[in-house]
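Below are some notes on how the chains of this model meet. They are meant to be read with the structure open.

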Amino acid sequence: MTIERRTLLRGMTALPVAAGLSALPAVGAPAVSSPVVEAAAVEDVPAGFPEPNRHLQLYAVQLPDDNGETRLGYGHDPDNASYPGPTIEMLEGECIAITLHNEVPRATLEALRTDEETPLGVSLHAHGVRYTHESDGTVHSGSWVAPGESRTYLWFARPPARKRGIPGTAGYWWYHDHVVGTPHGTGGLKSGLFGALIVRRNSDPLPDRTYVTAFGDLMTINLRRYPNTDTYDPADPKPGPTSLVARQGERVEFVCIALGDEMHTWHLHGHNWADTRTGVVEDVPWAAWVPIIDNKTIGPGDSFGFQVIAGDLSGPGDWMLHCHMQRHSDHGMVTHFHVLDRQGRPWNHDHSAAAQTSTAQASTAQAHQH
Amino acid sequence: MTIERRTLLRGMTALPVAAGLSALPAVGAPAVSSPVVEAAAVEDVPAGFPEPNRHLQLYAVQLPDDNGETRLGYGHDPDNASYPGPTIEMLEGECIAITLHNEVPRATLEALRTDEETPLGVSLHAHGVRYTHESDGTVHSGSWVAPGESRTYLWFARPPARKRGIPGTAGYWWYHDHVVGTPHGTGGLKSGLFGALIVRRNSDPLPDRTYVTAFGDLMTINLRRYPNTDTYDPADPKPGPTSLVARQGERVEFVCIALGDEMHTWHLHGHNWADTRTGVVEDVPWAAWVPIIDNKTIGPGDSFGFQVIAGDLSGPGDWMLHCHMQRHSDHGMVTHFHVLDRQGRPWNHDHSAAAQTSTAQASTAQAHQH
Amino acid sequence: MTIERRTLLRGMTALPVAAGLSALPAVGAPAVSSPVVEAAAVEDVPAGFPEPNRHLQLYAVQLPDDNGETRLGYGHDPDNASYPGPTIEMLEGECIAITLHNEVPRATLEALRTDEETPLGVSLHAHGVRYTHESDGTVHSGSWVAPGESRTYLWFARPPARKRGIPGTAGYWWYHDHVVGTPHGTGGLKSGLFGALIVRRNSDPLPDRTYVTAFGDLMTINLRRYPNTDTYDPADPKPGPTSLVARQGERVEFVCIALGDEMHTWHLHGHNWADTRTGVVEDVPWAAWVPIIDNKTIGPGDSFGFQVIAGDLSGPGDWMLHCHMQRHSDHGMVTHFHVLDRQGRPWNHDHSAAAQTSTAQASTAQAHQH
């Protein structure tokens, strides 16, 4: 692999994230270092699965309403739940155990239920990884969790077995509830019970930062509409789930998820990427064939991810990240990728205004869209 | 090719399907062994086409209504027509002749017609393969069939000519009417006049079973909604078009088609595949680049296919196969892939219940979704 | 590269288009030879950008209404504006300057405005290439043009830097307004302010002809519905933006763009292509993996392109090119790719009628769909 591997898998070692590269806090980075309560002691490890080497705790809890909408979230402890939930990061080949604790009140689950025969519970269904029927997270398999109860799921990031054509598991996936509201978890998804799942291959380049963008119904990114998608403050440019910040030159990873009922297209200004598993290409002959894109159709259940060098030649800026369906972006399905300069200073609005040929409407033009 | 090639192209030889692997009948397997009435004696073989080496008969007939909806089907004889029609399998390089007999009553075609200037007929339009204008199956080319008439179509699975950048024909395609109702066959498609067309390359791995899933409007898979999509009986687990069954370890191929007006996303639980022409990867350097997926956006006219090892590590189970658009799956756009154990025994509901941590709602949870 | 490279980059040399291959005028060919007014003298070339080697002029003007719909267009001079605008062709590695002159009347921009705080101006936003915030074409960056003003944009077709995983820029892109009507240019897009941008890699095969098809809302191709999409006259088969003509054997390139709010699927009869960056494959081992398609889902903001050999084995014909969503194609989202024979003669309707098995409705069948 010719791409620089900046650190070992961060959360899995004691190394600081992107050590020496940036003084920015790593809020946007993967949360794989999340609570490992105990070495997994899971009975009945399925045939062909290795013993799980980590055991995570995940709590499903109710969060404050958002404009009258019920909000639920997953969190590694009950007090830090969020939507999206914590990004879970695995290495291909690894098996992990995750104990889900359902702390969502029964009355809330009842209110979200639109299909009377759906049981009142919460579950964990993962894309991409291998799991047996006991960890499917569906109603008919019984692999869900009643209020006040808990259940342990096993996910195996199965390595490739290419002699049989089996590709492995490395990819940008997601996990979500499959039980709340309907047997497809429609109530859980629209309330916030989902998160990103990244499975890395040993040779993959590691990003300095990871940002998750789940495109959903009602013109939402991570269930929010602009300006709530973008709480970035140039006077204090801290990274966070709604403040997508990086310094120019940092390797930034976007995980893109779609959920709900609608189609979307994911577009980022000022950057492009290869339509490969990681968005990058190496210096190999077959690189010539790979489509290069900056806009990608994504339908519910799909997920993809890619890595870019922040502001590569395009430089610092508040780069729009939006659904390219006009009705969606016009109604708030937009945020920005804030690329600071190499010293960590925000893009300079005043400089831009000075460079502007057309100044007639400069004051209006400088106003961010609303 | 490192992937085991279990048999030669099945229908084209006298070998039983997946000999020695399974006692399951091969109902779900490709139907390439369908009636070869005669060696093709087709006049006017187009320039550059080889002589057709097989001659299939295809009948378009009316089938019993389904809840008041007109149903038409293609069949290799008039008494076995179905929707989807029979899967047609070709080898890349092969040219075949197909004689279409239109046995659909004129009055039925008239009732389905929404565009007054569209003629009353049925046709055969294929994706992927080469055909001349005489085999296009469209109104303006005159290549359609009036009631009581017949017409012979020629399809050539053109091999690659890579010096000119021509990729060949291998792929998971489909065929359909292009004349009933409107000049785009809208009435034919919604009534059932479509089927899968598989073109294999000589080196491709062969599946033990093939299942076709056409995602359509009104939350339908193969024009059916759950529970009609899934007539599987664990007491008698026979494979069939609405009973997607395999033993753990079998190589199973899914052909995924979309038709109508709506977008869909095709998702299967417990399995994933490579986003390549066949869904498999070999042990080659460029395998590292290929996206691995378990959910794929599919729009009308699109088709793709892939092969998986049934229950590979995920084991036996009634694995959900559904559109991941929540409204679609909640309203019946779902079926299951029933993976039996290696001895052919269905997934054990009782065992699952015993393994369940959360037992509070076990009886409800065990009920299949409805 | 084994694929024959018929000419050098045409517009950038003095060579005639596809010299010796065809007497057809090259109306459909790339317009890279468009007005180079002067060597670029652009101040403040951004860090890492080369000096621009060409300087194009682009005028945004109002065109005559189409059935009461406002129409705007880009043109290399104010008198030849069109929708789509001129195709701009670059070589990977090249940097160009484009001066946009906004000649659209202020009152027209006001009438198109649906978001009151959006300024009255026109802009140029490009996909795929690198540009700084000063060339982003957005409201918040101030990089737009008031009526009567002009502004110079810089686009850099950044070459690959694969040691860092950066794929380069080669691809089938598009450019469009991002300011008219709303901060996402919704009014500009629906009025016609868009065009194709092709970035070629040195080793790419060159087409004999290029056709642009932008799929949009209201069942439109390039904002037109059938029969306005197809003004081809077999008595005088001249190529043009609404007359997609080629001789059998010519290498033809399609650029496919989607814009607006809706999903579409792009389908061409009688041809297929590889799902690679250019639609072609070389004679290399990894060719076996590449999906081959003849129908592709495309959502707003997406663009792709591919090259085919016109009528390769399928021969001459009026090959349908349409959205495969039935409602869309039934309502006019269709045109034809008119493949003439090698002598330049149109496809023979009479010949087809004679070859028809089903003659009962021949006269109706011969009528083109309407």
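**Notes on the interface of chain C and chain B**

1. Across the interface of chain C and chain B, 32 residue pairs are in polar contact, both residues of each pair being at pLDDT 80 or more. On the side of chain C that touches chain B, strand S18 (residues 317-323) gives the most, with five residues. That side of chain C has 28 nonpolar, 28 polar and ten charged residues. The model is a predicted one, and these values are computed from it.

2. As a residue count, 66 residues of chain C are in contact with 69 residues of chain B. As an area, chain C and chain B bury about 5,300 Å² between them. Carbon and sulfur atoms carry 55% of that buried area.

3. How many salt bridges does the rule find across the interface of chain C and chain B? There are four. To look at a salt bridge between these chains, go to Asp283(C) and Arg162(B), whose side chains meet with an N to O distance of 3.8 Å. The cut-off for a salt bridge is 4 Å, so this pair, at 3.8 Å, is within it.

4. On symmetry, chain A superposes on chain B by a rotation of 120 degrees with 0.0 Å of shift along the axis, at an RMSD of 0.0 Å. This is the relation of a three-fold axis. The copies use different surfaces, as 12% of the contact residues of chain A recur in chain B.

Key:
Residues are numbered from 1 along each chain as its sequence is written. Chains are lettered from A and ligands numbered from 1 in the order in which they are written. This is a predicted model: local features need pLDDT of at least 70, side-chain atom pairs count only at pLDDT 80 or more; totals for chains, interfaces and linings use all residues. Side-chain values use heavy atoms; hydrogens and water are left out. Contact means heavy atoms within 4.5 Å. Buried area is the accessible area (1.4 Å probe) that two parts lose on being put together, summed over both. A polar contact is a pair of N or O atoms within 3.5 Å; within protein, one must be able to donate a hydrogen and the other to accept it, and residues adjacent in sequence count only if both atoms are side-chain atoms. Helices (H or I, at least four residues) and strands (E, at least two) are DSSP runs, numbered from the N terminus. Ala, Val, Leu, Ile, Met, Phe, Trp, Tyr, Cys and Pro count as nonpolar, Asp, Glu, Lys and Arg as charged, and the others, Gly among them, as polar. Copies are superposed by least squares on the C-alpha atoms of residues with pLDDT of at least 70 in both.
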